[in-house]
Amino acid sequence: MMDIYYNGVIFVKKGMDAEAMGVEGGRVAFVGDLSKAKRWAQETETVWHDMKGAFLVPGFIDSHLHLLLYGYVLSCPDLSRHTSSVEEIVEVLYGVQQEIEKSSGEWIVLRGWNQEQFIGDKRLPTRQDLDLVSKDRPILIYRSCGHIACANTAALLAAGIRKGTKNPERGSIDRDEAGEPTGILREYAINLVSTKVPPPDKEVVKAYMLRAMKRLNSYGITSVQSDDFGAFPGLSYKTVIEAYEELEKEGRLTVKVYEQCLLPDQKELDDFLGSGYRTGKGSEFFTIGPLKIIEDGSLGARTASLETPYADDIEHPDNCGIYIHNQEELDQRISYGASHGMQVAVHAIGDKAMKMTTKSIIKALKGKKDNPMRHGIVHCQITTPELIKTLKEWNLHAYVQTIFMDHDNHIVENRVGRERAASTYAFKTLLDMGVTVSNGSDAPVEHGDVLAGIQCAVTRTTLDGRKTFLPEQSLTVEEALHTFTAMGAKASFEEEEKGTLLPGMAADFTVLSEDIRKCHPERISNVSVCQTFLNGKCVYNAMD
């Protein structure tokens, strides 16, 4: 039995369209004109699907997000929708407190606030704010980036954080003039509190995964590269793998997952490697991907590691952010992973963090400029011309998130100054120089809305159209589609399996209501995802 899709536009790959596509046995059987489809129909039993002018594209691939954590966030009140003020956050928390009032001792853990979006006073929330909700129930709320969190007094006490508590290595505890903790925790200081929160069990983990996949399918996503091992402190990587494998056996995975393996503890990494896990091990639906390493924080939190101080940190004029590993430690970490058969993907946002990372990867490559394991850098935001040249020379992969234009347009020049900002978020330059660039959302930092990410890539403007940043770095719609399809497959060594709709490829595809190459660029995010197919099977239908 063959399914033939016709009467629309089929985006096979960048620079190639077709009138019709045949799908058989979960694979693309042919693409071509309608006459070719009719010839195929004479040779086999067929079902014709009239696309009615729709735009059919390869299934979207998000090359960096946190699927499990996204599912958790989707299961809770989303603070990103309630961040007009600290007072509004407190109001949301109070509502949650009322709902669980009878469950004494249960933690409240939410995520999504962003002080840059506050109306009026853009101060960070404090423990005193959260204590208005409860002084007895521990509360921990993460900034949208996850690199800053605020804890109330009960949560601080549960973690043993008091006036005399020293800053942990690679993190900091904000304090008031009297030396008392304000409740704001940065980077590894968050772990002092988060490790006290009981992790979910495997069945709850599976429920979060299913919720996230359902939402991702609605955005047209069929594959992700996901960092899940670090979603909840105390949750074993083994439990995460078991959850995915059980869902696969149950036939319930509707997104193909390439796991970005965050294993910062050396003993746990050795246990992982000793269990035989390596990049590429797994199945079509769940595969072990790169060793994920975090080297700095975020730009919004002013913890991304910069070569020179932040231009807008008045309280801490010498602040250059935080790097997680020194050069020797990073050299060792990357070389260790690479020598044990692991691709490496390093979170690096600031120019200092990227400079350190490229130096370590080059050392691990031992002169092999073709970079056979496709090591890369996740985020690549505060680039410099020298860093871009290094990415090209050593064939390093760039995992970018063009959706960040929606928020970062408002802060980047303030954070690093106009002169330094002129070479940042340089997605067009990277592509033009031949660097392999894949795209993603970093959900739940942002929602996994691919069309919004494409719009930001094309317009270089916030989704509301109010702020544009370096418009000369705009991508064409086809280039943006390429980063969300073929380049995503390239990052996971699957360019012969998915990312295009050439014959023989997996029939992972998405049907959009119109050709986004022809609509006004500022309307792209308003185009509808009509259907999403995985191996030829519909996993999302907007009409259902």
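Select Asn535 to begin: its relative accessible area is 22%, so Asn535 is partly exposed (buried means under 20% relative accessible area, exposed over 50% and partly exposed in between, with a 1.4 Å probe and protein chains only). Asn535 is in the loop between β22 (529-534) and β23 (537-541); helices (H or I, at least four residues) and strands (E, at least two) are DSSP runs, numbered from the N terminus. Check the backbone here, as Asn535 is not a glycine and yet has a positive phi of about 50°. Most residues other than glycine have a negative phi, and most peptide bonds are trans.

A word on the numbers: this is a predicted model, in which local features need pLDDT of at least 70 and side-chain atom pairs count only at pLDDT 80 or more, while totals for chains, interfaces and linings use all residues. Residues are numbered from 1 along each chain as its sequence is written, and side-chain values use heavy atoms, with hydrogens and water left out.

**The loop between β20 and α17**

Next, select Asp442, which is in the loop between β20 and α17. Asp442 also has a positive phi, near 60°, in a residue other than glycine. Is Asp442 buried or exposed? With 7% relative accessibility, Asp442 counts as buried. Now step along to Ala443 and Pro444, which are joined by a cis peptide bond with omega of about 10°. Pro444 is also placed in the loop between β20 (437-439) and α17 (450-459).

**Aromatic pairs**

Show the rings of Phe, Tyr and Trp (its six-membered ring), which pair if their centres lie within 6.5 Å; planes under 30 degrees apart count as stacked, over 60 as edge-to-face and the rest as tilted. The count by this rule is 18 aromatic pairs. One of them is the stacked pair of Phe30 and Trp40, 5.1 Å from centre to centre with 15° between the planes. Phe30 is in strand β5 (residues 27-32) and Trp40 in helix α1 (residues 34-43), so this pair ties together parts ten residues apart in sequence. Phe30 counts as buried at 1% relative accessibility, whereas Trp40 counts as partly exposed at 27%.

Then move to Phe229 and Phe272: their ring centres are 6.1 Å apart and their planes are at 65°, so this pair is edge-to-face. Phe229 sits in the loop between β14 (221-226) and α8, and Phe272 in helix α9, 43 residues apart, so that distant parts of the chain are linked. Phe229 is buried with a relative accessible area of 5%, and Phe272 is buried at 0%.

**Helices α8 and α9**

Show α8 (residues 237-249) and α9 (residues 266-274), which pack at an angle of about 40° with their axes 11 Å apart. The axes are lines fitted to C-alpha atoms, for helices over the stretch in contact, and angles run from 0 to 180 degrees between N-to-C directions. α8 and α9 are therefore oblique to each other (under 35 degrees counts as roughly parallel, over 145 as roughly antiparallel, 65 to 115 as roughly perpendicular and the rest as oblique). Which residues of α8 and α9 make the contact? They are Tyr237, Lys238 and Ile241 of α8 and Glu268, Asp271 and Phe272 of α9, where contact means heavy atoms within 4.5 Å.

**The cores**

Phe272 comes up again in the largest nonpolar core, which has 125 residues; Phe60, Leu67, Met209, Phe272, Ile454 and Ile516 have the most contacts inside it. A nonpolar core is a set of buried Ala, Val, Leu, Ile, Met, Phe, Trp, Tyr and Cys residues joined through side-chain atoms within 4.5 Å. A second, separate core has 21 residues, including Val86, Ile89, Ile100 and Leu110.

**Last stops**

Select Ile324, in the loop between β16 (286-294) and α10, which is buried with a relative accessible area of 2%. Ile324 and Gly171 are 153 residues apart in sequence but 8.6 Å apart in space, C-alpha to C-alpha. Finish at Asp331 in helix α10 (residues 327-339), where Asp331 touches Ser360 and Lys363, not counting residues up to four places away in sequence.
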